[in-house]
Amino acid sequence: VLIRQRSKVRFLRRPLYILFMTEPTTIYEDRDIVAINKPSGLLVHLSAASSKHEPTLVDWLLKRYPEIKNVGDDPVTRPGIVHRLDKATSGIMLIARNQDIFLFLKSLFASRQIQKTYHALVYGELAKRSGTIEQPIGLLSGSTKHSVHGQKMIKEARTDYKVLEVLQDGAGNIFSYAEVSPKTGRTHQIRVHFAAIGHSLVGDPLYGRRHDPEWATRLMLHAFSLEFKLRDGNRIKLEAEEPEDFKEILKLLYPSHN
């Protein structure tokens, strides 16, 4: 089963940059799970570092799917949430509607039985059109920042990628638009790995360049698809089309002939 979703998004253009107004959209739902497309800029759930007044995906979910309020390993903070995306990352997320499916999906993620695919725009032209970045990731001492040079909580990490297109902006800067498949699930894995090989993600305030082009108004990372087996044995692939703010930035670029 392949399910694609096209988000309806309202957006406002201004010279050189893009503002957007949107909310999550439901891609797929059945009695057990909900799949949503999360916009960039929306926090998944509150944490100690976030404002209690900041809207979250959890707020949106509880209004539409109140049955999730007691689901999960911490339902007070993240009801129904099986996995997460960074606030700045857009794309697909799975939500469990009952405890049995929560445990089932959690086991699939833990055993790496869910195939995840992202779309990313990174600086520069990669030396190989496809490849693997395999470097352990850990925390830097005295910091909450992750790195391949981390000294604490070091874990193996593998990211496969395939360059879809090499692009260029009006100033002559080169970029690679890539399909990315993380084979492990480390915090900020894609962002850390591409920064480690000198090709940081466009619009990344934590691991990226100090100064992005003026048009880079968001982190250019989108969780495009999830593929896995349901409990009945049927395989399902869920896809979330890139939102308009992501696509509008790509439209500012053109194929490079390097």
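This is a predicted model: local features need pLDDT of at least 70, side-chain atom pairs count only at pLDDT 80 or more; totals for chains, interfaces and linings use all residues.
The chain comprises four helices and 16 strands, and 52% of its 258 residues count as buried. Of the contacts between residues at least 6 apart in sequence, 62% join residues at least 24 apart.

In soluble globular proteins, nonpolar side chains tend to be buried together. In this model, the largest nonpolar core contains 51 residues, and those with the most contacts inside it are Leu61, Leu94, Leu105, Phe194 and Phe228. When residues up to four places away in sequence are not counted, Phe228 touches, among others, Ile33, Leu94, Leu105, Leu108 and Ile114, and its partners also include Gln113, Asn234 and Arg235. A second, separate core of 13 residues includes Tyr177, Val202, Ile249 and Leu253.

The largest pocket holds about 1600 Å³ of space and is lined by 42 residues, with Arg84, Leu85, Gly185, Arg186 and Thr187 lying nearest its centre. At least two lining residues are supplied by each of α2 (99-110), β7 (115-123), β13 (174-182) and α3 (189-196), and the largest share, four residues, comes from α2. By class, this lining is made up of 17 nonpolar, 13 polar and 12 charged residues.

The second largest pocket contains about 240 Å³ of space, and its lining includes His146, Met153, Lys155, Gly185, Arg186 and Thr187. Strands β9 (137-139) and β11 (152-155) are the elements that give two or more residues to this lining, which has three nonpolar, five polar and two charged residues.

Methods. Residues are numbered from 1 along each chain as its sequence is written. Side-chain values use heavy atoms; hydrogens and water are left out. Buried means under 20% relative accessible area, exposed over 50%, partly exposed in between (1.4 Å probe, protein chains only). Contact means heavy atoms within 4.5 Å. A nonpolar core is a set of buried Ala, Val, Leu, Ile, Met, Phe, Trp, Tyr and Cys residues joined through side-chain atoms within 4.5 Å. On a 1 Å grid over the protein atoms alone, a cavity is a set of points where a 1.4 Å probe fits but cannot get out, and a pocket is an open set with protein on both sides within 12 Å along at least five of seven lines; lining residues have an atom within 4 Å of a point. Grid points are joined across faces, edges and corners, and a volume is the space filled by probe spheres set on the points. Ala, Val, Leu, Ile, Met, Phe, Trp, Tyr, Cys and Pro count as nonpolar, Asp, Glu, Lys and Arg as charged, and the others, Gly among them, as polar.
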